[in-house]
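Biologist: Before I rely on any of the labels in this description, I would like to hear what each one rests on. Could you take me through them with the criteria beside the values?

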Amino acid sequence: MDRKVHDMRGDLAVAEEAAEWIVRLSADADEEREAARRGFDAWKRADPRHAAVAADMEHFVEQTRRLAGPATELCAARAALDAVLPPQRRSRRGAVSMALLLTAAIGGVAWLSADLPAPWLADLHTAVGEQRSQRLADGTMLTLSSDSAVDYQWGADLRRVSMRGGEILLDVAKDARRPLVVDTPEGRIRALGTRFIVRRDGDATVLTMLESSTAVSLSATPGGPTRPAEAVVSAGQQVRLSAHGLERLSTISPGIVEDAFKLRRLVAQDRPLSEVLDELARNRRGLIRYDKAAVRGLRVTAVLPLDDTDRALQLLAASFPQLQVRVPTRWLVLVDVRR
């Protein structure tokens, strides 16, 4: 078993146990709460890792209580579980559900989502904050940025990379007989020998051409408009593929963009602050929470370090005095706009 997968499963097991104890601490009966407190204290003393995970969760719950008032996330979740589960099944299933809620909320295992198996089952994947390069069988160099996952399949007539999420840089080996394609939910990118970056961006795909050109075709949508057969995207161009079609974005400097990718820097040129915060969140363990309506209209031109998101947030706060950046736990960052 992949060591990282094993470690993540171990972290999840500890998080589930911690969440179960926290759920027990909210029992209605005084004696049950006291027994839970003693048991939780013993559990934390048994292993330094137990104590560390518990401290993060307890801090998060306390911060949530302060932010949300009396109706905390914990109490609301527990009440919902009590309403839908029979009494004999509440303890275990309630604890597991609460574990998933808390671990996802604090970002300790940020890969928890409806797409849970995707990173584990992908042919290549990276953790949050990791960058990885892999030379494939034909000589193609594939580099994955933070929190990315792809599958690849080499056949007699076609080389295919399927994007599960994140961002990749491809330096494609020439093979006139077998074009290389990158498939995403929004379309297909076809190349023979070239360098380009592909990023999954919500419900869209962003293609940035660094060298040569590619042919791009959009995925068909049931009942949607007829799509053009292919569009050519050349070096220095950037396009977004989505259900709305193909949108040509501003031109880019290929050398600067490639260096920024490899050095893990975000080059923002008049980009919405919301997009910049989302990109920082993809490179940070934990969550960055903000109100999109509140930051609408704020645009960023800067070079920010993706390998030091704390520093990047400090630079943003210095550039926008109206921003307030709070870090109630290492797993949670709150970005507010002062009124």
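Modeller: Two strands are said to pair if DSSP finds at least two bridges between them, and the strands (E, at least two residues), like the helices (H or I, at least four), are DSSP runs numbered from the N terminus. This is a predicted model, in which local features need pLDDT of at least 70 and side-chain atom pairs count only at pLDDT 80 or more, while totals for chains, interfaces and linings use all residues. Residues are numbered from 1 along each chain as its sequence is written, and side-chain values use heavy atoms, with hydrogens and water left out.

Biologist: How do you know that strand E7 and E8 pair, and in which sense?

Modeller: Strand E7 (residues 180-184) and E8 are joined by 5 bridges in the antiparallel sense, and the criterion asks for at least two, so they count as paired. One of these contacts links Val182 to its bridge partner Ile189 in E8, and the two strands form a hairpin with 2 residues between them. E8 also pairs with E11, again antiparallel, over 4 bridges, where Arg190 has Ala215 as its bridge partner.

Biologist: Why are the buried residues of H7 said to line one face of the helix?

Modeller: The buried residues in helix H7 (residues 254-263) are Glu258, Ala260 and Phe261. Seen down the axis of H7, they fall within an arc of 160°, so they line one face; the arc is that of the directions from the helix axis to the C-beta atoms. Their cover includes strand E3 (141-144), strand E6 (167-171) and strand E9 (195-201), where contact means heavy atoms within 4.5 Å.

Biologist: What makes the meeting of Glu258 and Arg195 a salt bridge?

Modeller: A salt bridge requires a side-chain nitrogen of Lys or Arg within 4 Å of a carboxyl oxygen of Asp or Glu, and the N to O distance between Glu258 and Arg195 is 3.0 Å, so the pair qualifies under that cut-off. Because Glu258 lies in helix H7 and Arg195 in strand E9, the pair ties together parts that are 63 residues apart in sequence. Both residues are buried.

Biologist: How many salt bridges are found in the whole structure, and what separates Asp41 from Arg37 in helix H2?

Modeller: The search of the whole structure finds 24 salt bridges. Asp41 and Arg37 meet in one of them, at 3.2 Å from N to O, and since they are 4 residues apart in helix H2 (residues 30-45), about one helical turn separates them. Asp41 has 24% relative accessibility and counts as partly exposed, as does Arg37, with a relative accessible area of 37%.

Biologist: Why is Ser212 called partly exposed, and what is its phi?

Modeller: Its relative accessible area is 37%, so Ser212 is partly exposed. Ser212 lies in the loop between E10 and strand E11 (213-218), and its phi is near 65°, a positive value in a residue other than glycine. Most residues other than glycine have a negative phi.

Notes: Buried means under 20% relative accessible area, exposed over 50%, partly exposed in between (1.4 Å probe, protein chains only).
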